[in-house]
Amino acid sequence: MAHEHKLEIFRGLLKFKSNTQKIWGVLIFLTIVTAIEVGLGIAKPELLTKNYFIGMKLLNWIFIILTLVKAYYIAWDFMHLRDEKSSLRRAIVWTPIFLICYLIFILLFEADYIYTVFKEGYKAWDF
Amino acid sequence: MDTTVTTGSEESVWGGGNQPLNASYGKMMMWFFIVSDALTFSGFLVSYGFSRFKFIETWPIADEVFTHVPFFHGNYPMYYVAFMTFILIMSSVTMVLAVDAGHRMMQKKVILYMFLTIIGGAIFVGSQAWEWATFIKGDYGAIETKGGRILQFVHADSGKRAALADFSKTLPEERVKHVKSEGVWYMEEGYKTSFSLNEVVEGFKASPGILIRTETINEEGEKTVLSREESLAKLTDASQVVEGANLIHNEYGSRLFADFFFFITGFHGFHVFSGVVINIIIFFNIILGTYERRGHYEMVEKVGLYWHFVDLVWVFVFTFFYLV
(Lines give C-alpha, C1' and ligand atoms only; values in the text may rest on other atoms or scores of the structure.)
Protein backbone atom coordinates (compact mmCIF):
# COMPACT_ATOMS: atom_id res chain seq x y z
CA MET A 1 0.00 0.00 0.00
CA ALA A 2 1.22 3.40 -0.85
CA HIS A 3 1.06 6.04 1.83
CA GLU A 4 1.65 9.24 -0.03
CA HIS A 5 -0.25 12.11 1.48
CA LYS A 6 -1.39 15.23 -0.24
CA LEU A 7 -0.20 17.92 2.10
CA GLU A 8 -2.01 20.97 0.79
CA ILE A 9 -5.21 22.42 2.18
CA PHE A 10 -7.23 25.48 1.06
CA ARG A 11 -6.51 24.57 -2.59
CA GLY A 12 -2.78 24.76 -2.13
CA LEU A 13 -2.79 28.01 -0.18
CA LEU A 14 -1.36 26.24 2.84
CA LYS A 15 1.21 23.51 2.39
CA PHE A 16 2.45 21.41 5.27
CA LYS A 17 5.81 19.73 5.59
CA SER A 18 4.58 16.45 7.02
CA ASN A 19 1.32 14.59 7.56
CA THR A 20 1.53 15.11 11.32
CA GLN A 21 1.85 18.82 10.82
CA LYS A 22 -1.15 18.84 8.51
CA ILE A 23 -3.23 17.04 11.14
CA TRP A 24 -2.47 19.72 13.74
CA GLY A 25 -3.13 22.43 11.19
CA VAL A 26 -6.56 20.99 10.44
CA LEU A 27 -7.28 20.71 14.17
CA ILE A 28 -6.51 24.40 14.65
CA PHE A 29 -8.76 25.27 11.73
CA LEU A 30 -11.65 23.13 13.05
CA THR A 31 -11.27 24.63 16.52
CA ILE A 32 -11.44 28.15 15.11
CA VAL A 33 -14.59 27.30 13.13
CA THR A 34 -16.25 25.76 16.22
CA ALA A 35 -15.29 28.81 18.29
CA ILE A 36 -16.86 31.11 15.68
CA GLU A 37 -20.04 29.02 15.73
CA VAL A 38 -20.33 29.08 19.51
CA GLY A 39 -19.48 32.79 19.62
CA LEU A 40 -22.18 33.62 17.10
CA GLY A 41 -24.62 31.32 18.89
CA ILE A 42 -24.13 33.22 22.13
CA ALA A 43 -23.89 36.73 20.71
CA LYS A 44 -26.70 36.35 18.13
CA PRO A 45 -25.98 39.58 16.26
CA GLU A 46 -29.20 41.34 15.20
CA LEU A 47 -27.94 41.82 11.67
CA LEU A 48 -27.90 38.06 11.24
CA THR A 49 -31.08 37.15 13.11
CA LYS A 50 -33.31 39.82 11.53
CA ASN A 51 -32.41 39.13 7.93
CA TYR A 52 -33.72 36.12 6.11
CA PHE A 53 -32.58 34.23 3.04
CA ILE A 54 -34.97 31.67 1.51
CA GLY A 55 -37.06 31.57 4.67
CA MET A 56 -34.18 30.98 7.06
CA LYS A 57 -32.22 33.37 9.26
CA LEU A 58 -28.79 34.37 7.93
CA LEU A 59 -27.31 33.15 11.21
CA ASN A 60 -28.63 29.65 10.60
CA TRP A 61 -27.26 29.68 7.05
CA ILE A 62 -23.86 30.57 8.47
CA PHE A 63 -24.10 27.70 10.97
CA ILE A 64 -25.00 25.20 8.28
CA ILE A 65 -22.30 26.37 5.90
CA LEU A 66 -19.65 26.28 8.64
CA THR A 67 -20.83 22.77 9.55
CA LEU A 68 -20.38 21.62 5.97
CA VAL A 69 -16.93 23.19 5.95
CA LYS A 70 -16.04 21.25 9.10
CA ALA A 71 -17.48 18.05 7.64
CA TYR A 72 -15.38 18.55 4.51
CA TYR A 73 -12.13 18.82 6.44
CA ILE A 74 -12.97 15.89 8.72
CA ALA A 75 -13.74 13.68 5.73
CA TRP A 76 -10.93 14.92 3.52
CA ASP A 77 -8.07 15.07 6.01
CA PHE A 78 -9.00 12.91 9.01
CA MET A 79 -10.66 10.19 6.96
CA HIS A 80 -7.99 10.85 4.31
CA LEU A 81 -10.43 10.99 1.42
CA ARG A 82 -7.99 13.47 -0.08
CA ASP A 83 -5.54 10.59 -0.60
CA GLU A 84 -8.07 8.15 -2.03
CA LYS A 85 -8.77 7.59 -5.70
CA SER A 86 -11.24 10.08 -7.09
CA SER A 87 -13.60 7.28 -8.16
CA LEU A 88 -13.86 5.93 -4.61
CA ARG A 89 -14.25 9.44 -3.25
CA ARG A 90 -17.04 10.33 -5.66
CA ALA A 91 -18.94 7.11 -4.99
CA ILE A 92 -18.79 7.70 -1.25
CA VAL A 93 -19.50 11.41 -1.24
CA TRP A 94 -22.03 12.12 -3.98
CA THR A 95 -24.36 9.16 -3.36
CA PRO A 96 -25.34 10.25 0.19
CA ILE A 97 -25.32 13.92 -0.76
CA PHE A 98 -27.85 13.30 -3.52
CA LEU A 99 -30.10 11.14 -1.31
CA ILE A 100 -29.92 13.50 1.65
CA CYS A 101 -30.75 16.56 -0.46
CA TYR A 102 -33.77 14.72 -1.83
CA LEU A 103 -34.88 13.74 1.69
CA ILE A 104 -34.46 17.27 3.02
CA PHE A 105 -36.39 18.76 0.12
CA ILE A 106 -39.33 16.34 0.46
CA LEU A 107 -39.68 16.35 4.24
CA LEU A 108 -39.20 20.05 4.85
CA PHE A 109 -41.70 20.98 2.15
CA GLU A 110 -44.20 18.56 3.62
CA ALA A 111 -43.61 19.94 7.12
CA ASP A 112 -44.13 23.48 5.92
CA TYR A 113 -47.37 22.42 4.26
CA ILE A 114 -48.62 20.82 7.51
CA TYR A 115 -47.65 24.00 9.34
CA THR A 116 -49.88 26.07 7.05
CA VAL A 117 -52.72 23.57 7.44
CA PHE A 118 -52.47 23.84 11.22
CA LYS A 119 -52.28 27.62 11.02
CA GLU A 120 -54.88 28.45 8.39
CA GLY A 121 -56.87 25.31 7.79
CA TYR A 122 -59.29 25.78 10.70
CA LYS A 123 -57.83 22.77 12.45
CA ALA A 124 -57.46 23.16 16.18
CA TRP A 125 -54.52 21.38 17.73
CA ASP A 126 -54.08 23.38 20.92
CA PHE A 127 -57.24 22.86 22.91
CA MET B 1 -7.11 13.78 -11.51
CA ASP B 2 -6.44 10.11 -11.03
CA THR B 3 -7.95 7.60 -13.35
CA THR B 4 -9.84 4.48 -12.33
CA VAL B 5 -7.75 1.97 -14.19
CA THR B 6 -4.86 0.90 -12.05
CA THR B 7 -3.36 -2.06 -13.80
CA GLY B 8 0.09 -1.97 -15.19
CA SER B 9 -0.44 -4.74 -17.71
CA GLU B 10 -3.44 -5.30 -19.95
CA GLU B 11 -3.82 -9.00 -19.13
CA SER B 12 -4.61 -8.66 -15.42
CA VAL B 13 -7.54 -6.26 -15.80
CA TRP B 14 -10.10 -9.05 -15.97
CA GLY B 15 -7.97 -11.64 -14.25
CA GLY B 16 -9.04 -10.61 -10.76
CA GLY B 17 -6.82 -9.66 -7.91
CA ASN B 18 -6.51 -6.02 -8.89
CA GLN B 19 -8.01 -3.16 -6.91
CA PRO B 20 -9.63 -0.62 -9.19
CA LEU B 21 -10.39 1.71 -6.28
CA ASN B 22 -7.01 1.13 -4.67
CA ALA B 23 -8.63 0.23 -1.37
CA SER B 24 -8.63 -3.14 0.35
CA TYR B 25 -11.84 -5.11 0.79
CA GLY B 26 -12.09 -4.31 4.49
CA LYS B 27 -11.56 -0.62 4.05
CA MET B 28 -14.11 -0.39 1.28
CA MET B 29 -16.70 -2.26 3.33
CA MET B 30 -16.06 0.14 6.18
CA TRP B 31 -16.74 3.00 3.79
CA PHE B 32 -19.96 1.42 2.56
CA PHE B 33 -21.08 0.84 6.13
CA ILE B 34 -20.34 4.49 6.89
CA VAL B 35 -22.38 5.63 3.88
CA SER B 36 -25.40 3.59 5.02
CA ASP B 37 -25.01 4.73 8.62
CA ALA B 38 -24.77 8.33 7.42
CA LEU B 39 -28.11 7.85 5.70
CA THR B 40 -29.63 6.50 8.92
CA PHE B 41 -28.47 9.55 10.84
CA SER B 42 -29.71 11.87 8.11
CA GLY B 43 -33.07 10.18 8.36
CA PHE B 44 -33.18 11.04 12.05
CA LEU B 45 -31.94 14.59 11.63
CA VAL B 46 -34.28 15.32 8.73
CA SER B 47 -37.26 13.97 10.65
CA TYR B 48 -36.21 16.29 13.46
CA GLY B 49 -36.29 19.07 10.88
CA PHE B 50 -39.72 17.88 9.76
CA SER B 51 -41.18 18.12 13.26
CA ARG B 52 -39.50 21.41 13.84
CA PHE B 53 -40.81 22.99 10.65
CA LYS B 54 -44.23 21.65 11.50
CA PHE B 55 -44.18 23.40 14.88
CA ILE B 56 -41.83 26.20 13.89
CA GLU B 57 -43.60 28.80 16.04
CA THR B 58 -43.54 26.82 19.26
CA TRP B 59 -40.31 24.84 19.10
CA PRO B 60 -38.08 25.13 22.22
CA ILE B 61 -35.01 27.38 21.97
CA ALA B 62 -31.96 25.18 22.56
CA ASP B 63 -30.00 27.99 24.27
CA GLU B 64 -32.58 28.03 27.02
CA VAL B 65 -32.63 24.28 27.43
CA PHE B 66 -28.94 23.39 27.66
CA THR B 67 -27.58 25.98 30.04
CA HIS B 68 -25.63 23.94 32.54
CA VAL B 69 -21.94 23.24 33.02
CA PRO B 70 -20.86 20.66 35.61
CA PHE B 71 -19.45 22.09 38.86
CA PHE B 72 -20.59 25.62 37.95
CA HIS B 73 -23.82 27.33 38.84
CA GLY B 74 -25.43 29.83 36.57
CA ASN B 75 -26.55 30.26 33.02
CA TYR B 76 -23.93 29.15 30.48
CA PRO B 77 -25.62 28.24 27.21
CA MET B 78 -23.62 26.15 24.74
CA TYR B 79 -20.28 26.16 26.54
CA TYR B 80 -20.45 22.57 27.68
CA VAL B 81 -21.59 21.21 24.33
CA ALA B 82 -18.82 23.18 22.65
CA PHE B 83 -16.40 21.55 25.05
CA MET B 84 -17.81 18.12 24.16
CA THR B 85 -17.39 18.90 20.46
CA PHE B 86 -13.81 19.91 21.07
CA ILE B 87 -13.10 16.71 23.01
CA LEU B 88 -14.46 14.61 20.17
CA ILE B 89 -12.48 16.49 17.51
CA MET B 90 -9.40 16.17 19.71
CA SER B 91 -9.85 12.40 20.01
CA SER B 92 -10.25 12.31 16.24
CA VAL B 93 -6.89 14.01 15.95
CA THR B 94 -5.15 11.48 18.19
CA MET B 95 -6.78 8.79 16.05
CA VAL B 96 -5.29 10.21 12.83
CA LEU B 97 -1.96 10.44 14.59
CA ALA B 98 -2.30 6.77 15.53
CA VAL B 99 -3.06 5.85 11.90
CA ASP B 100 -0.10 7.93 10.78
CA ALA B 101 2.21 6.26 13.29
CA GLY B 102 0.84 2.90 12.13
CA HIS B 103 1.84 3.66 8.55
CA ARG B 104 5.35 4.24 9.81
CA MET B 105 5.22 1.01 11.91
CA MET B 106 5.90 2.76 15.22
CA GLN B 107 4.16 0.46 17.69
CA LYS B 108 4.87 2.52 20.83
CA LYS B 109 3.39 5.66 19.32
CA VAL B 110 0.29 3.85 18.05
CA ILE B 111 -0.29 2.52 21.56
CA LEU B 112 -0.02 5.99 23.08
CA TYR B 113 -2.31 7.66 20.55
CA MET B 114 -4.90 4.88 20.71
CA PHE B 115 -4.91 5.22 24.48
CA LEU B 116 -5.55 8.97 24.23
CA THR B 117 -8.33 8.35 21.72
CA ILE B 118 -10.05 5.94 24.10
CA ILE B 119 -9.78 8.46 26.94
CA GLY B 120 -11.31 11.19 24.74
CA GLY B 121 -14.18 8.91 23.78
CA ALA B 122 -14.80 7.99 27.40
CA ILE B 123 -14.91 11.66 28.42
CA PHE B 124 -17.39 12.34 25.65
CA VAL B 125 -19.71 9.46 26.60
CA GLY B 126 -19.52 10.56 30.24
CA SER B 127 -20.41 14.13 29.27
CA GLN B 128 -23.34 12.92 27.27
CA ALA B 129 -24.60 10.86 30.21
CA TRP B 130 -24.35 13.99 32.34
CA GLU B 131 -26.28 16.00 29.73
CA TRP B 132 -29.01 13.39 29.74
CA ALA B 133 -29.21 13.35 33.52
CA THR B 134 -29.48 17.14 33.66
CA PHE B 135 -32.09 17.19 30.93
CA ILE B 136 -34.19 14.49 32.60
CA LYS B 137 -33.93 16.11 36.02
CA GLY B 138 -35.17 19.43 34.70
CA ASP B 139 -34.62 23.00 35.61
CA TYR B 140 -37.47 25.22 36.71
CA GLY B 141 -40.54 23.05 36.30
CA ALA B 142 -43.62 23.95 34.31
CA ILE B 143 -47.33 23.38 33.88
CA GLU B 144 -48.84 21.30 31.13
CA THR B 145 -52.21 22.37 29.72
CA LYS B 146 -55.06 20.15 28.62
CA GLY B 147 -53.85 20.54 25.03
CA GLY B 148 -50.43 19.25 25.98
CA ARG B 149 -48.78 22.67 25.72
CA ILE B 150 -46.23 23.86 28.26
CA LEU B 151 -46.59 26.99 30.40
CA GLN B 152 -43.42 28.26 32.04
CA PHE B 153 -43.06 30.99 34.63
CA VAL B 154 -41.04 34.20 34.69
CA HIS B 155 -40.44 37.00 37.17
CA ALA B 156 -42.28 40.10 35.96
CA ASP B 157 -39.58 42.55 37.06
CA SER B 158 -36.43 40.84 35.81
CA GLY B 159 -37.83 38.67 33.02
CA LYS B 160 -35.81 35.76 34.43
CA ARG B 161 -37.28 32.29 34.68
CA ALA B 162 -39.05 31.44 37.93
CA ALA B 163 -38.79 27.99 39.44
CA LEU B 164 -41.94 26.39 40.83
CA ALA B 165 -40.40 26.48 44.30
CA ASP B 166 -40.10 30.30 44.06
CA PHE B 167 -43.81 30.92 44.32
CA SER B 168 -45.74 27.70 44.97
CA LYS B 169 -47.67 27.45 48.18
CA THR B 170 -47.34 24.49 50.45
CA LEU B 171 -50.89 23.44 51.12
CA PRO B 172 -51.90 21.07 53.88
CA GLU B 173 -52.85 18.39 51.42
CA GLU B 174 -51.65 14.85 51.38
CA ARG B 175 -50.42 13.59 48.04
CA VAL B 176 -50.00 9.84 48.21
CA LYS B 177 -48.38 7.92 45.43
CA HIS B 178 -50.56 5.09 44.24
CA VAL B 179 -48.90 1.74 44.90
CA LYS B 180 -49.75 -1.79 43.96
CA SER B 181 -50.66 -2.90 47.46
CA GLU B 182 -53.62 -0.52 47.46
CA GLY B 183 -56.72 -1.00 45.41
CA VAL B 184 -57.95 -3.68 43.11
CA TRP B 185 -57.23 -1.78 39.93
CA TYR B 186 -53.62 -0.78 39.69
CA MET B 187 -52.14 1.56 37.15
CA GLU B 188 -48.49 2.36 37.39
CA GLU B 189 -47.99 5.94 38.42
CA GLY B 190 -45.06 7.87 37.05
CA TYR B 191 -43.01 10.29 39.01
CA LYS B 192 -44.32 12.45 41.84
CA THR B 193 -43.70 16.15 41.36
CA SER B 194 -42.51 18.29 44.23
CA PHE B 195 -45.68 20.42 44.09
CA SER B 196 -49.22 19.48 43.26
CA LEU B 197 -51.08 21.36 40.54
CA ASN B 198 -53.26 23.00 43.14
CA GLU B 199 -50.25 24.28 45.08
CA VAL B 200 -48.74 25.83 41.96
CA VAL B 201 -52.03 27.45 40.90
CA GLU B 202 -52.73 28.86 44.35
CA GLY B 203 -49.15 30.05 44.67
CA PHE B 204 -49.40 31.77 41.29
CA LYS B 205 -52.61 33.55 42.25
CA ALA B 206 -50.98 34.81 45.44
CA SER B 207 -47.80 36.18 43.80
CA PRO B 208 -48.47 39.11 41.42
CA GLY B 209 -44.78 39.26 40.43
CA ILE B 210 -44.97 36.06 38.39
CA LEU B 211 -46.10 35.81 34.77
CA ILE B 212 -46.67 32.92 32.39
CA ARG B 213 -44.46 32.35 29.39
CA THR B 214 -46.00 30.34 26.55
CA GLU B 215 -44.28 28.23 23.91
CA THR B 216 -45.06 30.66 21.10
CA ILE B 217 -42.02 32.44 19.68
CA ASN B 218 -42.60 36.13 18.95
CA GLU B 219 -41.04 38.32 16.29
CA GLU B 220 -38.01 39.01 18.47
CA GLY B 221 -37.23 35.30 18.42
CA GLU B 222 -38.13 34.97 22.08
CA LYS B 223 -40.90 33.14 23.89
CA THR B 224 -44.07 35.20 24.45
CA VAL B 225 -44.73 36.39 28.00
CA LEU B 226 -48.38 36.91 28.85
CA SER B 227 -49.77 39.78 30.92
CA ARG B 228 -51.02 39.07 34.43
CA GLU B 229 -54.69 38.86 33.33
CA GLU B 230 -53.88 36.63 30.37
CA SER B 231 -51.73 34.49 32.63
CA LEU B 232 -54.53 33.96 35.11
CA ALA B 233 -56.92 33.10 32.30
CA LYS B 234 -54.42 30.70 30.75
CA LEU B 235 -53.88 28.93 34.05
CA THR B 236 -57.41 27.58 34.01
CA ASP B 237 -56.30 25.22 31.22
CA ALA B 238 -53.63 23.67 33.42
CA SER B 239 -53.82 19.91 33.76
CA GLN B 240 -50.64 18.84 35.53
CA VAL B 241 -47.23 19.82 36.87
CA VAL B 242 -44.19 18.77 34.83
CA GLU B 243 -40.67 18.61 36.19
CA GLY B 244 -37.88 17.55 33.89
CA ALA B 245 -38.32 15.64 30.68
CA ASN B 246 -39.10 12.14 29.54
CA LEU B 247 -40.64 10.63 26.43
CA ILE B 248 -44.16 11.74 27.37
CA HIS B 249 -43.78 15.04 29.23
CA ASN B 250 -41.23 17.75 28.70
CA GLU B 251 -40.99 20.90 30.77
CA TYR B 252 -38.87 22.65 28.14
CA GLY B 253 -41.66 22.76 25.56
CA SER B 254 -42.71 20.49 22.74
CA ARG B 255 -42.48 16.86 23.82
CA LEU B 256 -41.19 15.94 20.36
CA PHE B 257 -38.07 17.93 21.22
CA ALA B 258 -37.33 15.61 24.12
CA ASP B 259 -38.13 12.54 22.05
CA PHE B 260 -35.71 13.56 19.33
CA PHE B 261 -33.11 14.57 21.88
CA PHE B 262 -33.17 11.13 23.48
CA PHE B 263 -33.33 9.34 20.18
CA ILE B 264 -30.66 11.18 18.20
CA THR B 265 -28.10 11.88 20.92
CA GLY B 266 -28.80 8.42 22.31
CA PHE B 267 -28.15 6.75 18.98
CA HIS B 268 -25.02 8.82 18.55
CA GLY B 269 -23.90 8.09 22.10
CA PHE B 270 -24.37 4.39 21.39
CA HIS B 271 -22.12 4.79 18.36
CA VAL B 272 -19.47 6.49 20.46
CA PHE B 273 -19.76 3.77 23.09
CA SER B 274 -19.34 0.96 20.56
CA GLY B 275 -16.50 2.96 19.00
CA VAL B 276 -14.74 3.04 22.37
CA VAL B 277 -15.24 -0.72 22.79
CA ILE B 278 -13.84 -1.44 19.31
CA ASN B 279 -10.94 0.94 19.99
CA ILE B 280 -10.15 -0.95 23.20
CA ILE B 281 -10.09 -4.27 21.34
CA ILE B 282 -7.74 -2.85 18.72
CA PHE B 283 -5.67 -1.23 21.48
CA PHE B 284 -5.01 -4.61 23.08
CA ASN B 285 -4.25 -6.13 19.68
CA ILE B 286 -1.62 -3.46 19.13
CA ILE B 287 -0.06 -4.15 22.54
CA LEU B 288 0.00 -7.86 21.77
CA GLY B 289 1.84 -7.07 18.56
CA THR B 290 -0.77 -8.56 16.22
CA TYR B 291 -0.33 -5.89 13.57
CA GLU B 292 3.43 -5.83 13.96
CA ARG B 293 3.39 -9.51 12.98
CA ARG B 294 0.84 -8.90 10.23
CA GLY B 295 3.15 -6.31 8.76
CA HIS B 296 0.65 -3.46 8.51
CA TYR B 297 -1.67 -1.42 10.71
CA GLU B 298 -4.66 -1.29 8.39
CA MET B 299 -7.00 -2.36 11.19
CA VAL B 300 -6.18 0.87 13.01
CA GLU B 301 -7.04 2.77 9.86
CA LYS B 302 -10.41 1.02 9.58
CA VAL B 303 -11.52 1.69 13.15
CA GLY B 304 -10.13 5.18 12.61
CA LEU B 305 -12.60 5.68 9.77
CA TYR B 306 -15.46 4.64 12.04
CA TRP B 307 -14.22 6.91 14.80
CA HIS B 308 -13.99 9.93 12.50
CA PHE B 309 -17.45 9.17 11.22
CA VAL B 310 -18.80 9.40 14.77
CA ASP B 311 -17.09 12.78 15.05
CA LEU B 312 -18.57 13.83 11.71
CA VAL B 313 -22.08 12.94 12.83
CA TRP B 314 -21.61 14.89 16.05
CA VAL B 315 -20.69 17.99 14.08
CA PHE B 316 -24.12 17.81 12.43
CA VAL B 317 -25.99 16.92 15.62
CA PHE B 318 -24.29 19.87 17.33
CA THR B 319 -25.42 22.25 14.60
CA PHE B 320 -28.99 21.09 14.22
CA PHE B 321 -29.73 20.39 17.87
CA TYR B 322 -27.85 23.09 19.69
CA LEU B 323 -27.06 25.93 17.30
CA VAL B 324 -29.72 26.38 14.64
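## A walk through chains A and B

Select helix H1 (residues 25-54) and helix H8 (residues 255-288) of chain B: their axes come within 11 Å and cross at roughly 170°. Axes here are lines fitted to C-alpha atoms, for helices over the stretch in contact, and angles run from 0 to 180 degrees between N-to-C directions. The crossing makes H1(B) roughly antiparallel to H8(B). Angles under 35 degrees count as roughly parallel, over 145 as roughly antiparallel, 65 to 115 as roughly perpendicular and the rest as oblique.

This is a predicted model, in which local features need pLDDT of at least 70, side-chain atom pairs count only at pLDDT 80 or more, and totals for chains, interfaces and linings use all residues. Residues are numbered from 1 along each chain as its sequence is written, while chains are lettered from A and ligands numbered from 1 in the order in which they are written. Helices (H or I, at least four residues) and strands (E, at least two) are DSSP runs, numbered from the N terminus.

**The H1(B)–H8(B) contact**

Show side chains. From H1(B), pick Phe44(B), Leu45(B), Tyr48(B) and Ser51(B). They meet Leu256(B), Phe260(B), Phe263(B), Ile264(B) and Phe267(B) of H8(B). Contact means that the C-beta atoms of two residues, placed from the backbone, lie within 7 Å. By class, this contact has 8 nonpolar, 1 polar and no charged residues. Ala, Val, Leu, Ile, Met, Phe, Trp, Tyr, Cys and Pro count as nonpolar, Asp, Glu, Lys and Arg as charged, and the others, Gly among them, as polar.

**Along H8(B) to Ile286(B)**

Now centre on Ile286(B), also in helix H8 of chain B. It is buried, with 23 other C-beta atoms within 10 Å. A residue is buried if 20 or more other C-beta atoms lie within 10 Å of its own, exposed if 12 or fewer, and partly exposed in between, with C-beta atoms placed from the backbone. Leaving out residues up to four places away in sequence, Ile286(B) touches Gln107(B), Val110(B), Ile111(B), Met114(B) and Tyr291(B). Then pick Asp311(B): it is 25 residues from Ile286(B) in sequence and 23 Å away in space, C-alpha to C-alpha.

**The sheet of chain B**

Switch to strands. An open sheet of 5 strands has the order E4-E3-E2-E1-E5 in chain B, with antiparallel pairing. Two strands pair if DSSP finds at least two bridges between them. Strand E4 (223-225) and E5 are the edges, each pairing on one side only. From one strand to the next, the twist averages 40°.

Start at strand E1 (residues 142-145). It runs antiparallel to strand E5 (residues 238-242), joined by 4 bridges. Ala142(B) has Val242(B) as its bridge partner in E5(B). On to strand E2 (residues 150-155), which pairs with E1(B) in the antiparallel sense over 2 bridges. Here Glu144(B) is partnered by Ile150(B). E1(B) and E2(B) form a hairpin with 4 residues between them, and Gly148(B) in the turn has a positive phi of about 80°.

Cross to strand E3 (residues 210-217), which pairs with E4(B) in the antiparallel sense over 2 bridges. Ile217(B) stands opposite Lys223(B) in E4(B). Helix H6 (residues 197-206) packs on the sheet, touching E1, E3 and E5 of chain B; its direction makes about 105° with that of E5(B).

**Where the chains meet**

Display both chains. The contact takes 45 residues from chain A and 44 residues from chain B. In chain A, helix H1 (19-43), helix H3 (58-78) and helix H4 (86-120) each supply at least two residues of the side that touches chain B. H4(A) gives the most, with 17 residues. By class, this side of chain A has 26 nonpolar, 12 polar and 7 charged residues.

Select H1(A). Its buried residues include Ile23(A), Val26(A), Leu27(A) and Leu30(A). The buried residues of H1(A) pack against E1 and H3 of chain A together with H3 and H10 of chain B. Just after H1(A), Lys44(A) takes a positive phi of about 45°.

Next, H3(A). Among its buried residues are Phe63(A), Lys70(A), Tyr73(A) and Asp77(A). Their cover includes H1 of chain A together with helix H3 (79-103) and helix H10 (298-323) of chain B. His80(A) follows H3(A), with a positive phi near 35°.

Finish on H3(B). It is mostly covered: 20 of its 25 residues are buried.
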